[in-house]
Each structure stands twice: as structure tokens, then as C-alpha cells.
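I want to go through it residue by residue, then site by site.

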Amino acid sequence: MLILAIETSCDETACAIVRDGRKVLSSVVASQIDIHAATGGVVPEVAAREHVVKIKPVIEEAMQKADLGWDEIDAIAVTQGPGLLSSLVIGFTAASTLARALGKPLIPVHHVSGHIYANWLDRRAKDDGEFPIVILTVSGGHNELVLMRDHTEFELLGETQDDAAGEAFDKVARLLGLGYPGGPVIAKAALQGDPKAFDFPRAMLKSGNFDFSFSGLKSAVLRLLEEEHDKNGKLLEKFVANVAASFEECVADILSEKLLVAAREYQAKEIHLAGGVSANRHLREMVEQKIKKYKIEAKLRFAQNIHYCTDNAAMMGAAAYQFWMRSPGAYNSMTDLLPSPQLNLYQNLDASQNK
Ligand code: KG4
Ligand code: ZN
């Protein structure tokens with residue numbers, strides 16, 4: 001089954017064509033990073049304007065790269081939510097227009113289910129994974145622990161009570177003057193720093209549940225920087241590297257600890273990392289080390305290609321395929337759908353609940 005998927009929930013305009021939820025025939029992402037770097041974050045109106053300009057060329061490029069004719073596409077998938085409404089609406093309009101024009105089904109997909117299914121991309125057909133799976137899915141806009149007992153069955157174990165870890169990376173990078181997006185620039189600066197230089201607070205680490213909190217960590221970094229400014233008048237390179245390394249260590253410690261406690265409690269056969277922050281090498285290594293330390297017999301997986309960690313449309317095509325497989329008849333008359341900025345993953349998205 002060939003699905004053309006569109007993703008425009010935040011600041012990437014993306015289109016991909018995916019065969020049977022795994023094989024990526026093309027994946028095009030027009031990034032707006034350079035534009036949003038100037039403001040240190042995404043301005044919704046600016047993002048929406050860029051989507052309007054990019055959406056048609058991105059879809060055309062994806063079709064060209066896949067070398068397909070329109071009659072070969074079986075269905076159109078699109079991110080329904082959550083995300084910025086003004087961004088979602090551009091991808092949604094393009095997708096529903098295509099579905100109508102081609103007379104093909106429109107499959108609406110939850111953004112986080114896309115991040116989760118990124119881990120199925122480029123896998124062999126026989127390798128379907130072993131359930132139950134415990135997934136840490138973390139990016140700029142969300143931060144959750146999810147239990148999957150089977151395909152498309154998501155149970156929320158815990159989530160952030162305030163900021164997402166990716167958002168904390170972005171805010172701390174801005175405080176340190178390192179640029180946007182925060183994840184990659186903090187990871188780079190951290191390579192020159194000492195992860196034990198500062199002992200930042202590990203909020204909710206011992207809370208006894210699977211929720212997270214990162215706003216206190218950001219405030220702790222802010223206080224430290226203000227003290228340093230008062231002392232030295234400026235931030236020295238070594239100090240910035242030490243803050244970056246200690247911050248990254250703290251976030252990786254909190255995320256990995258909760259993930260592995262959940263994996264043990266739910267006897268996970270697989271442990272997955274998903275979302276933009278799952279691109280973080282330090283986090284991946286810490287999870288690997290703790291799996292050994294805690295003697296957990298579960299297979300660790302993350303996206304095979306680092307480009308599938310951050311926002312892309314291939315992951316939406318992978319998720320759409322799984323939903324389609326479970327209720328293929330459900331999507332044929334769905335062209336009256338609307339984007340939904342607050343969509344809830346844990347309603348176990350079936351077609352009727354998406355309206
Ligand atoms: O999934 P994504 O592209 O967008 C959202 O759905 O939010 O994730 C973007 C987030 C940003 O906050 C970015 O700082 C973070 O993922 N990120 C990283 C890394 N690469 C991206 N965080 C830590 N380490 C990285 N290498
Ligand atoms: Zn995302």
C-alpha cells in the first residue's frame with residue numbers, strides 16, 4: 001500500500017511516500033530553522049506563511065523522488081494534531097484537497113503516534129517488534145511515557161507537568177546564547193564540558209509515578225547564569241560547556257530512569273526512544289548503560305535514521321498504515337475532518353472518534 005503523507009504541525013513542511021508503513025520511497029522536509037533561529041523559537045504566524053509557500057513544491061518533490069504517478073497512490077495521510085492550528089491547517093487543506101481530487105481515502109494521524117511509528121521505518125517486513133513496548137517519546141512540544149500492548153493501542157503512563165524536555169533544551173540554549181534548536185547545539189557544546197560540574201535538580205525523579213517536570217531545571221540554570229554574570233560580567237566558553245554538559249546529563253538521567261522503571265514494571269519486551277530528543281546521543285548511551293545495569297531483558301530501539309527522530313512525514317505515513325490496517329473501511333468518507341490542535345492520542349484513535 002502506497003501512502004502519501006503530509007506533516008505541518010509546527011515548523012517543518014514535510015511530505016513523504018511510504019510503502020506498507022516501512023519502506024520510505026521519498027521523504028522531503030523543508031526546514032524553517034534558519035527563519036526561527038532569529039527569534040530563538042517558532043512564531044506561529046511566520047511558520048504558517050512559510051508552510052503556504054513550501055507545501056506545493058514539497059509535495060511535488062516527494063512525488064518526483066519516488067518516481068510515481070498520482071494513480072499509484074492508495075491513500076493520503078496527514079497530521080491532524082496536536083500542533084499549531086495555523087500550521088496544521090495548511091497541511092490539512094493540501095491533504096484533503098488531494099484526497100478529494102484523487103478520490104482516495106484521507107487518513108488523519110496523531111503527531112505523537114507518528115513519532116512512535118518512526119521506529120518501524122526501514123525495518124524488515126518480518127521484524128514487527130515484540131509487545132508490550134514501553135516508549136519514551138520526547139520532543140519540543142510533548143514529553144510522555146507510553147505503553148503499547150499492541151499496534152495502535154496506546155496507554156499513557158506519565159507525561160510532563162510543565163515543559164517538555166526538548167523545550168527545556170531550547171530555552172537553556174537560548175539562555176546560553178547557543179542558538180536554535182537547542183538540542184543539537186547543547187549536545188555539541190556539552191562535548192567540551194564536564195557533566196558533573198553542576199548538580200542540577202532532578203525534579204520528580206523519586207515521585208513514584210511516571211510524570212516529569214522540567215521548568216524548575218530551566219529556572220536553576222537561569223539562576224546559575226545570573227550569578228555567573230554578576231561575578232564575571234560574561235559567560236566564559238568553559239563555563240557554558242560545563243552548564244550544557246551538566247544540563248544534558250540531568251535531563252538524560254531523569255528521562256532514562258523513569259523509562260527503565262516503567263519498562264521493568266510493565267515487563268516490556270522492547271524499549272523505544274522517539275521524538276526529537278531521541279536524537280540525543282548521550283540519552284541513548286545512558287539508556288543502554290542502565291538497561292545493562294538494571295539487567296533488563298528488553299531490546300532497545302530508536303529510529304534507524306536520525307532524520308526520522310525530528311518532525312518528518314515518513315513517520316506519519318508509517319503510523320497511517322497501521323491505523324489503516326486495523327480499520328481499512330473507516331477512512332473512505334472522512335473528507336469532512338478538521339485539524340485538531342489538542343488531539344488526544346489515548347482515545348485510541350479510531351476513525352469515528354476523530355471528528
Ligand atoms: O519532534 P520535533 O522535531 O518537534 C516537535 O514535535 O516538537 O522535536 C524538536 C525538539 C526540539 O526541542 C529540539 O531541541 C529537540 O527536539 N532535539 C534534540 C536533539 N535534536 C533535536 N534534543 C536533544 N538532543 C538532540 N540531539
Ligand atoms: Zn514532533
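**Entry 1: Glu-257.** Glu-257 counts as buried, at 18% relative accessibility (buried means under 20% relative accessible area, exposed over 50%, partly exposed in between, with a 1.4 Å probe and protein chains only). I place Glu-257 in helix α8 (helices are DSSP runs of H or I with at least four residues, strands are runs of E with at least two, both numbered from the N terminus). Leaving aside neighbours within four places in sequence, I find Glu-257 in contact with Leu-205, Lys-290 and Tyr-294 (contact means heavy atoms within 4.5 Å). With Lys-290 there is also a polar contact, side chain to side chain, at 2.8 Å. For that term I use a pair of N or O atoms within 3.5 Å; within protein, one must be able to donate a hydrogen and the other to accept it, and residues adjacent in sequence count only if both atoms are side-chain atoms.

**Entry 2: ground rules.** I note that this is a predicted model, where local features need pLDDT of at least 70, side-chain atom pairs count only at pLDDT 80 or more, and totals for chains, interfaces and linings use all residues. Residues are numbered from 1 along each chain as its sequence is written, chains are lettered from A and ligands numbered from 1 in the order in which they are written, and side-chain values use heavy atoms, with hydrogens and water left out.

**Entry 3: the network around Glu-257.** Which residues are linked with Glu-257 in a network of salt bridges? I list Asp-199, Arg-202, Asp-253, Glu-257 and Lys-290. A salt bridge here is a side-chain nitrogen of Lys or Arg within 4 Å of a carboxyl oxygen of Asp or Glu. One of the pairs is Asp-253 with Arg-202, whose closest N and O atoms are 2.9 Å apart. Asp-253 lies in helix α8 (residues 237-265) and Arg-202 in the loop between α6 (182-190) and α7 (215-232), so this pair ties together parts 51 residues apart in sequence. Asp-253 is buried at 16%, while Arg-202 is partly exposed at 24%.

**Entry 4: other salt bridges.** I get 18 salt bridges by the rule. Asp-127 pairs with Arg-301, with 2.8 Å between the closest N and O atoms. Asp-127 sits in the loop between α4 (111-117) and β6 (133-138), and Arg-301 in strand β10 (residues 299-301), so the bridge ties together parts that are 174 residues apart in sequence. Are these two partners buried or exposed? Asp-127 is buried, with a relative accessible area of 17%. Arg-301 is buried too, at 9%. I also checked Arg-149 and Glu-155, whose side chains meet at 3.4 Å, N to O. Arg-149 is partly exposed at 48%, and Glu-155 is partly exposed at 33%.

**Entry 5: Leu-224.** I find Leu-224 in helix α7. Leu-224 is buried, at 16% relative accessibility. Not counting residues up to four places away in sequence, Leu-224 touches Phe-198, Phe-200, Phe-239 and Val-243. The C-alpha atoms of Leu-224 and Val-243 are separated by 9.0 Å, with the two residues 19 apart along the chain.

Entry 6: His-111 is buried at 6%, and His-115 is buried at 1%.

**Entry 7: domains.** I have domain 1 as 2-119 + 311-354 and domain 2 as 130-303; the bounds come from an automatic or database domain assignment. Their C-alpha centres lie 27 Å apart. The contact takes 21 residues from domain 1 and 24 residues from domain 2. About 1,800 Å² is buried between them, and carbon and sulfur atoms give 63% of that. Buried area is the accessible area (1.4 Å probe) that two parts lose on being put together, summed over both. Ile-116, Asn-119 and Tyr-346 supply 35% of the area that domain 1 buries against domain 2, more than any other three residues. On the side of domain 1 that touches domain 2, α1 (33-37), α4 and α10 (314-326) each supply at least two residues. The largest share of that side, 5 residues, comes from α4.
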